[in-house]
Amino acid sequence: MSNYWSTAGIPHKGWEYETVIDLKEEGEDYETCMMCGKEEIRYVHIVSHDEVAETYRVGCVCAEKMTSDYVNPKERQRKLENRAKRKENWKYKEWKQSQKGNQYFKFEGHLLLIYTDKRSGKFRCKIDETFGSKSYNYVSEAKAGIFEKIEELKEQGNW
Ligand SMILES: [Zn+2]
């Protein structure tokens, strides 16, 4: 792999920060930083430059140097790391079973419910009094769906 920090071909500065992604969320493990060619990165920072046709996918350290921003890339990555931890912990939450055979879980003052839709036989979710719009083939998928919804509500300040 090439190391563009030691070559003149690619600009070292003046990159614009786009976003960061967690490869695990996309079902991948690691990829190589396009700038330094070394790190095995899980959190991929996307940066762009007026003089470069393609966006670059790089590690945190390279993203900082390229954008001359030593705050945001780290902060954005930390948020994703925390989210990944929450998601991992979520799998181990112990749900209870209601008399009707539905699974419920009291979480941060909210009642989460997964029930079977009588017509379709699929699993659906309910948070407090709000029914979810999606249906799932497996309970585990429904639980993951509730996690995403909670994250979304928190992001919007509606949790
Ligand atoms: Zn790098």
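Let's start where two helices touch. C60, A63, E64 and T67 in helix 1 meet P73, K74 and Q77 in helix 2. Sort that contact by class and you get 3 nonpolar, 2 polar and 2 charged residues. The two helix axes come within 9 Å and cross at roughly 150 degrees. Keep in mind that this is a predicted model.

Now step back to the whole chain. The protein chain is divided into domain 1, residues 4-90, and domain 2, residues 96-155. Their centres, taken over C-alpha atoms, are separated by 34 Å. I'll take the domains in turn.

Domain 1, then. The order is 1-4-5, and the pairing is antiparallel. At the edges sit strand 1 (16-22) and strand 5 (52-58), and each pairs on one side only. From one strand to the next, the twist averages 20 degrees.

A quick reminder on sheets in general. Strands of a sheet pair through backbone hydrogen bonds, either parallel or antiparallel.

Back to the model. Strand 4, residues 43-49, pairs with strand 5 in the antiparallel sense, over 4 bridges. Find H45 there; V58 in strand 5 stands opposite. Our two helices come back in here. Helix 1, residues 60-67, packs on the sheet and touches strand 1, strand 4 and strand 5. The direction of helix 1 makes about 20 degrees with that of strand 4. Helix 2, residues 72-90, also packs on the sheet, touching strand 1 and strand 4. The direction of helix 2 makes about 15 degrees with that of strand 1.

What holds the most contacts inside the largest nonpolar core? That core has 15 residues, and the ones with the most contacts inside it are C33, M35, V47, V58, C62 and M66. Strand 4, strand 5 and helix 1 each supply at least two residues of the core. Take V58 as a case. Set aside the neighbours within four places in sequence, and V58 is in contact with C33, M34, M35, H45, V47, A63 and M66. There is also a second, separate core, with 7 residues, including F123, C125, A142 and I146.

Strand 7 (residues 103-107) and strand 8 (residues 110-116) pair in the antiparallel sense over 5 bridges. Within that pairing, F105 has L112 in strand 8 as its bridge partner.

You'll find R124 in strand 9, residues 123-127. Is R124 buried or partly exposed? R124 counts as partly exposed, because it has 19 C-beta neighbours inside 10 Å, and buried would take 20 or more. Leaving aside neighbours within four places in sequence, R124 is in contact with Y115, D117, F131, G132 and S135.

Happy to go back to any part.

Key:
Residues are numbered from 1 along each chain as its sequence is written. This is a predicted model: local features need pLDDT of at least 70, side-chain atom pairs count only at pLDDT 80 or more; totals for chains, interfaces and linings use all residues. Two strands pair if DSSP finds at least two bridges between them. Axes are lines fitted to C-alpha atoms, for helices over the stretch in contact, and angles run from 0 to 180 degrees between N-to-C directions. Two residues are in contact if their C-beta atoms, placed from the backbone, lie within 7 Å. A nonpolar core is a set of buried Ala, Val, Leu, Ile, Met, Phe, Trp, Tyr and Cys residues joined through C-beta atoms within 7 Å. A residue is buried if 20 or more other C-beta atoms lie within 10 Å of its own, exposed if 12 or fewer, and partly exposed in between; C-beta atoms are placed from the backbone. Ala, Val, Leu, Ile, Met, Phe, Trp, Tyr, Cys and Pro count as nonpolar, Asp, Glu, Lys and Arg as charged, and the others, Gly among them, as polar. Domain bounds come from an automatic or database domain assignment.
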